[in-house]
Amino acid sequence: MTRSSLQNNWRSCPENIPPELATKPETWENWEIATTNHKNHIAWDKGRKVIWLGQNLIVPHHLQKYPLAGLSLRLCLTWWAEAAQIFVNGVLVQEGDLFDFNVRVLLSQTVIPGETFAIAVKLISPGHDAGALVKSSLWYETPEYGEIDPGFVADELEVLPILHPQSEEIIQNAVTMIDWGVVSDRAAFEATLQSLRQHLQTEINPPPGKIHLLGHSHLDMAWLWPLSETWTAADRTFTSVLQLMQDFPELTFCHTTAALYEWVETNLPELFAAIKQRLNQGKWEIVAPLWIEPELNIIDGESIIRQILYAQRYCREKFNQLSPVAWVPDSFGFCWQLPQILTQGGIQYFVTQKLRWNDTTKFPHGYFWWQSPDGSRIFSLMSALIGESIDPVKMATNLSQWQAQTNNQDLLWLPGVGDKGGGPTRDMLETARRWQKSPFFPPMQFTTAATYLQQLASSTEPSQIPIWNDELYLEFHRGCYTTHGEQKRYLRRCETLLYQAELYSSLAAIIANQPYPQQEIETAWKQVLFNEFHDILPGSGIPEVYIDANRDWEAAQQAATHIYQGAIAAIAAQISLPPPPQPDAKPIIVFNSLNWARSEVVSLTLTTPAIPGNQWQISDLQGQPVPSQTHGQILRFHATDIPSVGYRLYWLTSQKYDTIGGDNSSNKLPKLENEFLRVIIDPETGNLSSIFDKVNAKEILSSPGNQLQAFEDKGQYWDAWNIDPNYTDHPLNPPLLKDIQPLETGPVQWRWRIVRQLGASEFCQDYILSAGSPVLQIASVVDWRERHVLVKAAFPLNVEADFATYEMPCGAISRTTKPETPAEKAKWEVPAIRWADISDANMGVSLLNNCKYGYDAQPHQLRLTLLRGATWPDPEADLGKHEFTYGVYPHGGSWQTAGVVRRGLELNVPLDVWQMDNLSQPRSSGGLTLPPEGKFLDLSAENLILMAVKRAEDNPQSWILRCYECHGVGAQLQLQSDLELGLLHRVDLLEEEIGVTDGEISVISPWQIASFRFVFGL
């Protein structure tokens, strides 16, 4: 009676004509009537194609005999379009996009029958999908909140059976009370509607529960737009919210992202001051304990910690509070150690809605304790969806489902346009006020996230709250572990470099009195943290996003490298050199930045020729030759027993040719062998036909290994995000071998190169086996040219296990290889950091990597996902050159006893070789004098992994050491060092002292992350 559809009355024009012409009614006379499809949508082609729609509206005297004079009139539109513009009588009145896609435009506060409105709508289809005008209608409403109209009562009647399903018969009987004979008399008809409502109030109890409202606006820092547009969207969103708070004092609003607040503070200080004022009034809530809303599957543990450290410090400095709520509604899954990391960072609550996107199972809990492997727990909420309006039917449905799921009566609802900002609209807030007057709708009250979560947590006995003791795996967006591989490579490289930059800068400050570059390190870290955003790092942005991102990756990488090399030079300058074994010998220093002694084949680039008739050779401290070989200008040698976080001096000496091992290129057998492994390459395919574990006397492969398995991977709407669930049904032809040749054949490294053609792409892979190493490395350079193709490296194994183990941030997680439940079957592609492992009772095999994150496993097979070929939203994603290395590590015993965590780190953090005469740093006169070999830091326990050594944020005289337990068994930290280092006390991730007794300060429980403050000279 008060609503009418417009969907069949539009005329359309598929041309991009000027608005001054397209908005004139006389122009529409030449347009065709728009047709609707089977969904009653007006659809048109994808590819940013324009469609104009126009129609004349004349306000009738009545609808179905109900008088309309004096009612307000709204134009209600829902579209699927990249951009939208709405014109009324030639004037642009509203704009929208893919995210602001559902609008109610006020045409008249009080309509007059016969009044006309010329409506024109310009829509642009998405680049990747057909566009559609989904709905279009007119709504006539009473202009005052407390008054009713037939449409409002109809909505109440739709809401009632949702909230009171047992009352459907009562409602149906009550509707028969309506006197349809008086429809044309508005006062009389409204009286009969009031009688109906009063009767229902006597028959049906007041609605159960309450709906807590919190204004929200999800703002992706970059996605389908570049960063520059994000700043504009933030300004627009925050300004709009502050203006609405003046007219709607009940409104509360929350927002995330410390990085965004920092930008507003710097660039819009008046806006920042207004936000702080509303914060102090309790109307604006800061939910920003993370620097941005990051990807939380594949960034390493220290990255997550820095997200919290820098964000919480900012919140405390600028807002005089820590942010207690980790608000990450849109990240694509969450690693299992997150509860421990969050709680150590002063965070009490965790909120997401993302697992509501699952494609296979429904997450079972509304609120729950989320528990990490170490036992840490955080109170967690699976919230209602974000980006919603005040839709009473949807809200009632969610409330009813929430109550059934949790037995809790109160729902949190998050009204506000999101993804590209927007926030609550005036119409949303007016609609909320209107429904506040309804006796059939639950009470609504604006709140804050922290208040709601505190009330929710206290409403249930803690022991009755369900516990989720696992990762929060998103059954969706599995391609994000792989898409835009260069982003993953930058991530791994920058995380490693920043670890080394901080470690060696700390040591250089202690040893050589070198100033600690705290600001430079923080700047580089923040560039990395920003690029960990959940639509940048996963590879789901437009091309322009990666122009910005790559610039910052490069800046962070260069800064970290500069800092790291400067610190190394300062430390090396303090080493007291013994007499050289021969006059022209050059000192070579090998540094180890990992916290265990290790041996490794390392490479030195020769910059000057040896004297005629001689060749450069490496000698140890006593002048004895070390096994070496040359390959062009590269000299490789076996550096042995380099101390934990330490170094060892070698000499580069000149020797006669006949005393030096070199290439043996005449060996044409496609085989590599050392004391651990014998590897045979199939000369027809380039696959591995055999990996024989000589230590355990067992063939590792059950069929050819390092098969490059390609599959068609298309048909997914979320192209960059999702792998086709049925990709295994669409295998492509295997690659063709183009070339196979030996590059180096000992005595310290064996290397065979194979070149294979896969479609239009070329895979150049070097099989590398080094002396003293049980790991077969596969160094790869790929020219990738495929679209909608997925490539995996497959290793069928003579090991069978019910579970595979994968590295996650600060730990490891086991996932079944024999899935039975739907949730287990949904994990057909999973994230891991540096390694995955399959082990039986006697032995196992690990598949290591240096920048890949997607794996899948069967009881007797491991596969690493190498590359994808998505075309939306970046048409050229991943095209071009890729460099990465992965490795096969057969071992006896379990992954713990075999030291798999260490092997994964060693692949990613190789020993560093420095020629001292290339380090031009002068010795510090006030610094320490170092011997030719030294150990700066050793944690003693095999199951402790050093995560960070850095200067304390607020105390330049003290330092922070962080480690984690990696095997799931307790450990005792015993700090050993050639320097006079001493632990003071345990600290949390914000570097604040925590209460641990002296006797327990170094006791680290299974899977625990432990941070310490230490000093030099204790």
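Let's start at Q500, which sits in helix α14, spanning residues 485–512. The model is predicted, so the description that follows is of computed geometry. Is Q500 buried or exposed? With a relative accessibility of 3%, Q500 counts as buried, because the cut-off for buried is under 20%. Its side chain makes a polar contact with the side chain of S593, at 3.2 Å. Leaving aside residues up to four places away in sequence, Q500 touches S505, Y564, S593, V909 and D912.

Four strands, in the order β51-β52-β56-β54, form an open sheet with antiparallel pairing. Its edges are β51 (944–951) and β54 (981–987), each of which pairs on one side only. On average, neighbouring strands of this sheet are turned by 30° against each other, direction ignored. Helix α14 packs on the sheet and touches β51, β52, β54 and β56 (1009–1016), with its direction at about 60° to that of β51. Looking at one pair in detail, β51 and β52 (residues 959–965) run antiparallel and are joined by 7 bridges. Here V949 stands opposite L961 in β52.

Finally, turn to a helix pair. Helix α6 (residues 227–247) packs against helix α7 (residues 258–267) at an angle of about 80°, their axes 11 Å apart. That angle makes α6 roughly perpendicular to α7. Which residues make the contact? From α6 they are W231, A234 and F238, and from α7 they are L260, W263 and V264. By class, this contact has 6 nonpolar residues, with no polar and no charged ones.

Technical notes: Residues are numbered from 1 along each chain as its sequence is written. This is a predicted model: local features need pLDDT of at least 70, side-chain atom pairs count only at pLDDT 80 or more; totals for chains, interfaces and linings use all residues. Side-chain values use heavy atoms; hydrogens and water are left out. Axes are lines fitted to C-alpha atoms, for helices over the stretch in contact, and angles run from 0 to 180 degrees between N-to-C directions. Helices (H or I, at least four residues) and strands (E, at least two) are DSSP runs, numbered from the N terminus. Angles under 35 degrees count as roughly parallel, over 145 as roughly antiparallel, 65 to 115 as roughly perpendicular and the rest as oblique. Contact means heavy atoms within 4.5 Å. Ala, Val, Leu, Ile, Met, Phe, Trp, Tyr, Cys and Pro count as nonpolar, Asp, Glu, Lys and Arg as charged, and the others, Gly among them, as polar. Buried means under 20% relative accessible area, exposed over 50%, partly exposed in between (1.4 Å probe, protein chains only). A polar contact is a pair of N or O atoms within 3.5 Å; within protein, one must be able to donate a hydrogen and the other to accept it, and residues adjacent in sequence count only if both atoms are side-chain atoms. Two strands pair if DSSP finds at least two bridges between them.
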